[in-house]
Amino acid sequence: SYLEAMMMKFISIIPFLTTGTLALSTQVTDVLDILANSVDASSKGSLKDSLKSLLHTSASTLFNEFDSFNKEEVSGLSEYPYFGVIPPYQGSVLPGGDLSWSSPCFSSTKASFDTDMNLSMKAQGTKQCDRVGGDLYIIGTMSNVQIVEVTTLKAVNILWQTTNITESETWDIQNKGIRVFLFQSDAGTLIANLLKTVELFIPVIVGPGVGTTAAEANVEFLSEYAHKDMLPNPTLMDPPSADQVKSGDFFGVIRLDGLDPMLAWAMGSTTGHTTVAMWIDDELYICESTAEGAYWPLSGIQKTPYSEWLTMAQEADYNVVWMPLEDDVDFDVDSAVAFFKQWEGVDYGYQAMLWGWLDTVKDNYPCVPPDFSSMCLEFELVEILFSAVDRLDPYLANQMWNQAFNFRLGTQGLNTADLFMTAELNGIPSNTLPLIVESDDWMYETLNVTSGDIVQAPAMVCNVFVCHMWKSGGLFGDFTDEMNCGETTNWDIYVLDWLSEPNQILGAYSMTINNASSKVPYANYAENCASLAPDYDKDPMC
């Protein structure tokens, strides 16, 4: 899946984060190098069979080495290492201007950028940290991203490249300047934190099971970063028999594989995946939009016989809750089945993955502990990384955000840099572009994984698909025309009041469904909602 490929690329940047080294075992380094190099051999949209074979044969080594890494005393590992690699934004320096800030190693650092595109960064004052090196930065524009280390009081001079760049990239330099981001740790600690973070995600690429080490790491992550506790050995209800399950019933999932917990952290949910039960042609199925991976055989909108799905869920180490529709709910099963059959086989809705989550300028981008304020993902970093991905892999960028941004601006075929410039020139600040409502009427270019054809279809991630099924079944009533399912998250789905209380039916760890069955739907549901950990304070209308 795209997410697997993105994780591989995430791993592959480790060697480029620093000029320093961390004393890691040769086996870990070798495995990571194999994984990173394999990305270049993978086809767009999926990983080749050879890569899948490599991952499975490497699984045992990978688990063993990360289990060892988890228990070692690693000098420099942060108190809160997961995602402890986010560099806070210091500001932008425009041509002909300068920018100053304080840093962990120097009382003041100044960047100057002249009109000939010469950037100079120089520390001022005495060094006040005990690092071997100095301060580490990411600096970037729409056309270029670099890592810079300021180690002495001698200036670091860079000629910012402006040859062979586009009109929009030139506009970006002239109008938004070079963005400066400062890592808060030394190079060794950054690599240690990154490897500790990667540990969370190992079950995404090897499986089908999660493994004890990864599960415990993910439980720790959720507790410390989202204040969501999952306790071992929960009391489980037996899975309901087929005759107890109605069409429209909700089955919520969290797999402790890094990806689901990361999504839950960002959304403020306690699930990372959502599904809906449907009786189709006299058989009960679990219907869902999901992605092929180490633990699931198919991508896209699909149905799996209920008993078979329960077996696969158990093998994948799913934690599962069942929330039946209330008995008095009038759900139009025929209309929902018709909707499912219309879009069955369409690929997972990567194009809509971000927009239910991003509703505000700042209050959706997660921050890390202990203060949940000084190290946060920020749009300024997202902006330049989006453009960097577009330059490296235009197909991936088009699938994940460019199509969506083109819809928002009424344009076609523009790349990331073009889109941000076009937005600004039309009076739309680029950081508000993700906030424009994701319309359910938009049809994206995607793949029908069954036929292999390129088709136009709605983009549906798991919760968006469940929402559409309920919408097709008439549950939103008078608000149907004002309901855009692409604006929902997992949390927005399971808090709707037509669901009964949750019952956990599978899993080695407890699931507490926060705010379950507590919300009455309303017009323009969930379109402007914050989701900042760990309190997840929301407007009463969210």
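Start by selecting Pro-208, which sits in the loop between α5 (187-205) and α6 (212-225); helices here are DSSP runs of H or I with at least four residues, strands are runs of E with at least two, and both are numbered from the N terminus. Look at the bond that links Gly-207 to Pro-208: this peptide is cis, with omega about 10°. Another cis peptide bond is found between Ala-533 and Pro-534, where omega is about 0°. Pro-534 belongs to the segment after β16 (503-506). While you're in the segment after β16, pick out Asn-515 too. Asn-515 isn't a glycine, yet its phi is positive, near 60°. For background, most peptide bonds are trans, and most residues other than glycine have a negative phi.

A quick word on what you're looking at. This is a predicted model, in which local features need pLDDT of at least 70 and side-chain atom pairs count only at pLDDT 80 or more, while totals for chains, interfaces and linings use all residues. Residues are numbered from 1 along each chain as its sequence is written, and side-chain values use heavy atoms, leaving out hydrogens and water.

Now colour by pLDDT, the predictor's confidence in each residue, from 0 to 100. The protein averages 88, and 86% of the residues score at least 70. Then select residues 1-74: here the pLDDT is below 50, and the stretch has 109 contacts beyond near neighbours in sequence in the model (a contact means heavy atoms within 4.5 Å). Where pLDDT is low, the predicted coordinates should not be read in detail.

Next stop, the sheet. Which order do its strands take? Show the open sheet of four strands and you can read off β1-β8-β5-β6, with antiparallel pairing; two strands pair if DSSP finds at least two bridges between them. β1 (89-93) and β6 (145-150) are at the edges with a single partner strand each, so one side of each lacks a neighbour in the sheet. On average, neighbouring strands of this sheet are turned by 25° against each other, direction ignored. Zoom in on β5 (residues 135-140), which is joined to antiparallel β6 by six bridges. At Gly-140, look across to Val-145 in β6, which stands opposite.

Axes are lines fitted to C-alpha atoms, for helices over the stretch in contact, and angles run from 0 to 180 degrees between N-to-C directions.

Keep α10 and bring in α11 (residues 394-409): the two pack at about 130°, with their axes 7 Å apart. That makes α10 and α11 oblique to each other (under 35 degrees counts as roughly parallel, over 145 as roughly antiparallel, 65 to 115 as roughly perpendicular and the rest as oblique). To see the contact, show side chains including Phe-386 and Val-389 of α10, and Trp-401 and Phe-405 of α11.

Last, select α9 (residues 333-343) with α13 (residues 462-472). What angle do they pack at? About 135°, with axes 7 Å apart, so α9 and α13 are oblique to each other. Ser-335, Ala-336, Phe-339 and Phe-340 of α9 meet Phe-465, His-468, Met-469 and Ser-472 of α13.
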